[in-house]
Amino acid sequence: MNVTRFVWFVFIGLIGFASFTRWQNLSEEPLIMTDGQGYYAYLPAVFIYHDLQFSFVDAINETYYPEGKRANYVVETPTGNVNKYFAGTSVVQAPFFFVGCALSMVLGLPVDGYSRPFQLMVALAAIVSVCLGLFFLGKLLNAMGFKPNIILLTLFLVLFGTNLFYYVIYEPGMSHAYTFFTVSAFLFFVWKSAQQLTIRNLVLAVGFLALTVLIRPTNALIVLAVPVVTSGFFGTLNLIERLFSNKKALLISALIFWGIVAVQPVIYLFQTGQLMVWSYEGEGFHFLAPEIFNVLFGYRKGLVVYCPILFVTAIGLAARLHRNRPQFGWLLFVLAAFTWVISSWWMWYYGGCYGHRAFIDVYPLFAIGLAAALQYGLGFLKPWLLTIAAVALVPMQLVQTYQYVHNIIPFDNMSKVKFWSLFMRTGNDLAWYYSGYPGEDSYLGLDSLVIKHGLEEPFGWGNEQQITNEAFYTGAHSALMLPEDQYGITFRKPVSEVAVPFNLIRVSGWVRSDSRTTDLSFVCAIDDSTGSSYVWKKYPLRPQFNGRNEWSWVTAVFKCGAPRDSSDKVVVYPMKSDGAQVYIDDFEITFIQAR
C-alpha cells in the first residue's frame, strides 16, 4: 500500500468514525467549541456579518451554545474589539466555510456561520487537513530514505498513538490539525526546493510557512528545521545561496510570505486603527523560568505521560545522532527550542486539554525520530522490538482518549495519584471521579440570598413526602430517596420571589448513600412560562463523597446566567438513575449576583 492509498483509507475511516460518534449531538456539543470558536469567528465576521467588532457573538451564543460551552475570545481595547486568537486557522478553513454557506442555502438552513452545515464543514476541514498532513509527511519520510512499510507504520502511529486523533475528531475547531498540515507541507516543499529550486516549489514552501506563522506566530520557529530536511547546515547554506542568486524567485517568495502574514495586521488595522495589538493581555512568556520537567514528564499535562509513544521517538533520535549528526543533531536542537518556548508560556499546561496539545504542531518532526527508531533500532533495542512496543502503545493511547472524552480523565489538575488510580479503567461509574470540588470557582458576590430547608418540617417544597426520621445529620429528620426514586426534595420558585438578582446558584447539603457508585447529582433548571427549561444543568456529586453510608457535605455551583423574565421559575433538586438509597439533610440554595 502506498501513502496515497493509506491516506484515503484514513480519510474514509475518520469520516465514518466521527459520523457515528462525535457528530450526533451538536446542539449540546458543538463542533466549533472552546478556543476553536475564536479561531473560526473571523469567517462569519468578514463574510456574513461584516462585523470585525464581533457584536454578533452574543446572539450566536444564545442560539447555538449552552451555558458553559461559550468561549470568551472577544477582547476589548480602547480603540475597538479584537479577537484574542489569530486568523490563520480560519484561512485554512475558508474553503469549507464557503461550502457550508452553499449547503445552508440549498437546505434552507440559516446562513449564519453556525448552523449544522457549518459545524460539519469545520469537522471535515480538520479531517482533510490531517490527511493532507499525513500525505506530505509520508512523502517527506520517503524522500529521507525510510522504507515504505516504516513510513506507513509511522503515519499510523502519529495519528492513533498520540493525542492528534482526539483533536481531529472531538475538537476539530482547534488549530492543531491545521498546523500539522501546514508544517508537514512546509517541510516537504523545502526538501523539494533543495532538490530543484523552482518558483512553484519555493512559493508552496513559503506559503505554507506563512500559514503556519499566521495560525500561531511562535511556530515561526519551524524555519529552524530547514537543515533537518536539507541534509544539515551546509545543505541549507547551499539552498540560501541558490535562492539569492535567483532574484525573481526571492522577490516572489517574499511577496507571498508577507502577503499572507499581513492578514493579521490588516485585520487589526480595521478593528483598532493599529497594525499591532497584543490580544493576550495579562499573559506572556517566562523565558527565564520554563517549566520543562512538568511539560515533558509531569502528570498534569506531561508530553510523554499522555503520549508515551514519544519515548520511542527519543530512542530514534539517539540512534541516529551519532551516525547522522548534521541532520539529527539539528532535529534535536529544534525540538529543544520548541520545548523551551512552549514551557515558558505563563500557563505552561495550556488550560483544559487532553495531553500537552501545544506539541501537536511539531509532530511531523517527532515523526522523523519515530521512523528512525522503527527502521534502525538502537543497540539491543532491535527495530522489531521497538515496533512491537510502539504498536502496543496505540491501544493504551486510545483508551486514554476514551477516558478523556467520557470525563474519566479530568480536563485539568491531574496528579500522580489520580493518574494511576484511573489508569486503563473505563467503568461508567468513574466519570467525573476526579472532577474537583465545584466550589473552587472563584467569584465575588455583590449580593446573595440563602434559602435553607432543614427537613424538620414541611416548607411546601416538592417531594416532601420523602421526609423521614430514619436517619439524619442534624435535628431529627432528613429526606430519603428510595432505590426506585429518581427525584428528591424539589425547590421551585418564581424568579420574582427571589429577593436578589442572580446569575449563579450554589446548591449544598449533607448526603449519605448506600452506594459507592451512585450517579446522584444536583440539578439546576430555569423554566420559562411554558414550562420549558432554557437552563438545565446537572452536577455529579460522587467525587465529594467521604464513603459509603457516611455523611458528606456536597456542593455544586451552577453558572446559570441572569433569568430572562421575572415570571420564569427556578427549579433545584437531587436526581439519580440507579438503585441507590440516599438521605439528604440541610438542603441549602444560595442565589448569588457574581461578577
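A: What follows goes through ring pairs, cores, a pocket and some backbone angles.

Q: Okay, what kind of model is it?
A: It is a predicted model, in which local features need pLDDT of at least 70 and side-chain atom pairs count only at pLDDT 80 or more, while totals for chains, interfaces and linings use all residues. Residues are numbered from 1 along each chain as its sequence is written, and side-chain values use heavy atoms, with hydrogens and water left out.

Q: How many aromatic pairs does a search of the whole structure find?
A: The search finds 60 aromatic pairs, where rings of Phe, Tyr and Trp (its six-membered ring) pair if their centres lie within 6.5 Å, and planes under 30 degrees apart count as stacked, over 60 as edge-to-face and the rest as tilted. Trp 348 and Tyr 349 form an edge-to-face pair, with 5.4 Å centre to centre and 90° between the planes.

Q: Are Trp 348 and Tyr 349 buried or exposed?
A: Trp 348 is buried at a relative accessible area of 12%, and Tyr 349 is buried at 18%; buried means under 20% relative accessible area, exposed over 50% and partly exposed in between, with a 1.4 Å probe and protein chains only.

Q: What sits over the ring of Tyr 349?
A: The charged end of Arg 300 does, 3.5 Å from the ring centre, and a charge sits over a ring if NZ of Lys or CZ of Arg is within 6 Å of the ring centre and within 35 degrees of the ring normal. Arg 564 lies over the face of Tyr 534, at 4.0 Å from the ring centre.

Q: And what about Phe 502 and Phe 591, how are they paired?
A: Phe 502 and Phe 591 form an edge-to-face pair, 5.0 Å centre to centre with 65° between the planes. Phe 502 lies in the loop between strand E6 (491-494) and strand E7 (504-513) and Phe 591 in strand E12 (residues 582-594), so the pair ties together parts that are 89 residues apart in sequence. Helices (H or I, at least four residues) and strands (E, at least two) are DSSP runs, numbered from the N terminus. Phe 502 is buried, with a relative accessible area of 3%, and Phe 591 is buried at 0%.

Q: Switching topic, which residues touch the most other members of the largest nonpolar core?
A: Leu 14 and Tyr 363 do, in a core of 152 residues, where a nonpolar core is a set of buried Ala, Val, Leu, Ile, Met, Phe, Trp, Tyr and Cys residues joined through side-chain atoms within 4.5 Å. Helix H6 (residues 116-143) gives the largest share of this core, 14 residues. Apart from this core lies another, of 34 residues, among them Phe 491 and Phe 591.

Q: How big is the second largest pocket, by volume?
A: Its volume is about 430 Å³. A pocket is an open set of points on a 1 Å grid over the protein atoms alone, where a 1.4 Å probe fits, with protein on both sides within 12 Å along at least five of seven lines, and lining residues have an atom within 4 Å of a point. Grid points are joined across faces, edges and corners, and a volume is the space filled by probe spheres set on the points. The pocket has 18 lining residues, and the closest to its centre are Phe 186, Leu 202, Val 206, Leu 209 and Leu 243.

Q: Last one, where is Met 424, and what is its phi?
A: Met 424 is found in the loop between helix H21 (416-422) and strand E3 (445-453), and its phi is near 60°, a positive value in a residue other than glycine. Met 424 is partly exposed, with a relative accessible area of 29%.
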